[in-house]
Amino acid sequence: MLRTIVAAFAGVMTGCASPVMSEETGETSTSSTSSTTSTTTGEAPTTTSSSTTTADSETGEPPGNLLLSDKFLNIAHRGGALLRPEETLPAFEHALAVGADVLELDVHASSDGVLVAMHDGTVDRTTDGTGAIKAKTLDELRALDAGYRFTPDGGQTFPYRGMGISIPTLEEIFNEFPDSYYLIEIKQTDPPIVEGLLAAIEDHAALERVVIASGDLDTIMAVRAAAPAAFTSLSTPEMLDLYLNVGSPEYVAPAQFVHSPWDLASAELVAFAHELGMKVHPWTVNEEARMVDLVGRGVDGIMTDDPALLETVAP
């Protein structure tokens with residue numbers, strides 16, 4: 001029976017590899033001191049920091065860290081993949097303009113070790129090229145048209161072809177949006193890129209503005225070992241463990257964030273996660289009725305390819 005549940009769950013989670021589908025999965029020059037405390041009481045590891053922000057009287061932004069606040073988060077999945085060519089600078093810029101609070105993106109490394117934003121392991125689906133990202137140099141990746149295959153009308157038009165949109169590096173994203181909050185999923189596991197990602201986050205003093213995700217347990221464990229103060233979400237095996245242990249007094253939360261398929265984010269799971277101090281951000285939700293339903297279940301934010309739509313229904 002458990003094997004059947006595991007297989008079914010894995011099938012749902014691997015749906016994140018499909019194009020614009022039902023998916024999970026900044027920088028300042030100031031420094032801060034952080035400490036992470038893991039408990040054995042079942043509560044998620046909590047991070048305290050000396051570099052908190054204060055409420056802005058004009059913007060109304062909540063005090064403290066936005067990721068840990070009670071504000072409902074509009075998370076632009078792949079930068080808002082229904083609205084602009086996914087995981088590109090124009091996508092991220094537009095997402096923020098229409099109300100996104102957090103930019104979600106995926107990272108891989110070029111053959112010469114530069115971190116770039118793209119969901120798939122190959123460039124085939126979103127560009128005019130073919131082949132694996134890790135088999136191409138940065139120059140080869142930059143020569144591709146990252147707006148080539150985007151169509152807002154089912155293939156009738158391709159408005160961003162030939163517009164000079166390239167695959168962005170993580171460095172460019174941090175430089176372009178230095179104060180933004182991010183959800184960064186590590187897609188590449190071989191060769192590992194954990195060290196490079198953590199170095200980039202440190203270089204931009206962005207540790208408190210990034211949640212690091214990976215479906216791979218070994219990868220997310222490596223992140224936690226190397227950077228105990230980093231915010232992380234549950235890996236696929238950890239999400240399965242939570243799903244099978246909702247309500248259990250023996251369950252111990254290994255992370256601060258739950259990024260689950262939307263249909264697994266039941267009101268019971270959300271309430272249990274909240275009891276343990278975890279935030280729940282389901283993916284990928286592009287229908288208004290489903291957004292409203294999930295808000296009613298008490299989720300803390302939603303990952304969507306349409307952050308403009310979510311902005312109209314977010315509490």
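In the predicted model, Glu93 and Ala97 are exposed on one side of α2, while Ala91, Phe92, His94 and Ala95 of this helix are buried. The buried residues of α2 pack against β3 (73-76), β4, α4 and α10 (307-313). Just after the helix, Gly99 adopts a positive phi of about 120°.

The largest nonpolar core comprises 30 residues, and those with the most contacts inside it are Leu105, Leu170, Tyr182, Ile184, Ile186, Leu197 and Ile212. Two or more residues are given to this core by each of α2 (89-97), β4 (102-109), β5 (115-117), α4 (170-176), β6 (181-186), α5 (194-203), β7 (210-213) and α6 (217-226), and the greatest contribution, 5 residues, comes from α5.

The surroundings of Leu105 illustrate the packing in more detail: when neighbours within four places in sequence are left aside, Leu105 is in contact with Glu87, Phe92, Ala117, Leu170, Ile173, Tyr182, Leu183, Ile184 and Glu185. Among these partners is Phe92, which is also one of the buried residues of α2, and Leu170 and Tyr182, which, like Leu105 itself, are listed with the most contacts inside the core.

Note on methods:
Residues numbered from 1 in each chain as written. Predicted model: local features only at pLDDT ≥ 70, side-chain atom pairs only at ≥ 80, totals over all residues. Heavy atoms only, no water. Core = buried A, V, L, I, M, F, W, Y, C linked by side-chain atoms within 4.5 Å. Buried < 20%, exposed > 50% of the residue type's maximum accessible area, 1.4 Å probe, protein only. Helix = DSSP H or I, 4+ residues; strand = E, 2+ residues; numbered from the N terminus. Contact = heavy atoms within 4.5 Å.
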